[in-house]
Amino acid sequence: MGAKGATSSGDPNHGPTELNSTTDESHKPILTAWPSPVIPLGANVTLQCRSHLNFVKFKVLHKRGTAHTEYQDGFFSDFTMSSVTRAHTGTYKCSGYYSSRWSAYSEPLEIVVTGLFTKPSILAHPSFLVNSGRNVTLSCASEILFDKFILHKEENSQHSHRVGKRLETGNSWADFFMEPTLSVHAGTYRCYGSHSQYPYEWSKPSDPQELIITGIVFTLSVSF
């Protein structure tokens, strides 16, 4: 995504980087990322700014203060970033121009780039095969001294974060507790390592591991 330095002018050709008297606080657009806001190093990601209003054009602002303005009339606009690097990480927000003023910015969207460090490993205690209702702990471990670990379940947009702990050997790890296990906990998990100083720069994902929950009782309700 090409970046233009934005100014504080109210001119539609130069969008303000911050809200001012010519900015409409209502009608916030929505900013999303496809295929995901968590992107492997070197992959492509498309940011889409959309609104219920027919904007004259849209603008995406990066946390570093650079802005890219798209001259497109409509209800949405796509901004594609190719071959992402750590420079693309961080928060983004977008705005739309209409009726001689900019809308309020969207809620911030966090873009994470993975693959910047060696992958950690993921273990389960007592096992990846566990009876429903029993406790299980998923542990992420690495030879790199990470101070944060992230656990992700496939087909889930949410990520769990834990502070990394240091072992005497210099390795690091973090535990994720599931107490008690339920059917919703079953699935495939991966973990990532990161440094709190650079929260949007993650390691490669660990090898996937499937958590299987046994002894789940399903009830069938039949009505006549």
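Which residues does Val 45 touch, not counting residues up to four places away in sequence? In this predicted model, where local features need pLDDT of at least 70, side-chain atom pairs count only at pLDDT 80 or more, and totals for chains, interfaces and linings use all residues, the contacts (heavy atoms within 4.5 Å) of Val 45 are with Ala 33, Trp 34, Ser 36, Ile 39, Phe 79, Thr 80, Met 81 and Val 84. Residues are numbered from 1 along each chain as its sequence is written, and side-chain values use heavy atoms, with hydrogens and water left out.

Val 45 is also among the residues with the most contacts inside the largest nonpolar core, which has 20 residues; such a core is a set of buried Ala, Val, Leu, Ile, Met, Phe, Trp, Tyr and Cys residues joined through side-chain atoms within 4.5 Å, where buried means under 20% relative accessible area, exposed over 50% and partly exposed in between (1.4 Å probe, protein chains only). The largest share of this core, five residues, is supplied by strand 5, strands being DSSP runs of E of at least two residues, numbered from the N terminus. A second, separate core comprises 17 residues, including Phe 128 and Tyr 189.

Four salt bridges are present, each defined by a side-chain nitrogen of Lys or Arg within 4 Å of a carboxyl oxygen of Asp or Glu. In one of them, Lys 28 pairs with Glu 107, the closest N and O atoms being 2.6 Å apart, and the two residues are 79 residues apart in the chain. Lys 28 counts as partly exposed at 42% relative accessibility, whereas Glu 107, at 51%, counts as exposed.

Conventions: Helix = DSSP H or I, 4+ residues; strand = E, 2+ residues; numbered from the N terminus.
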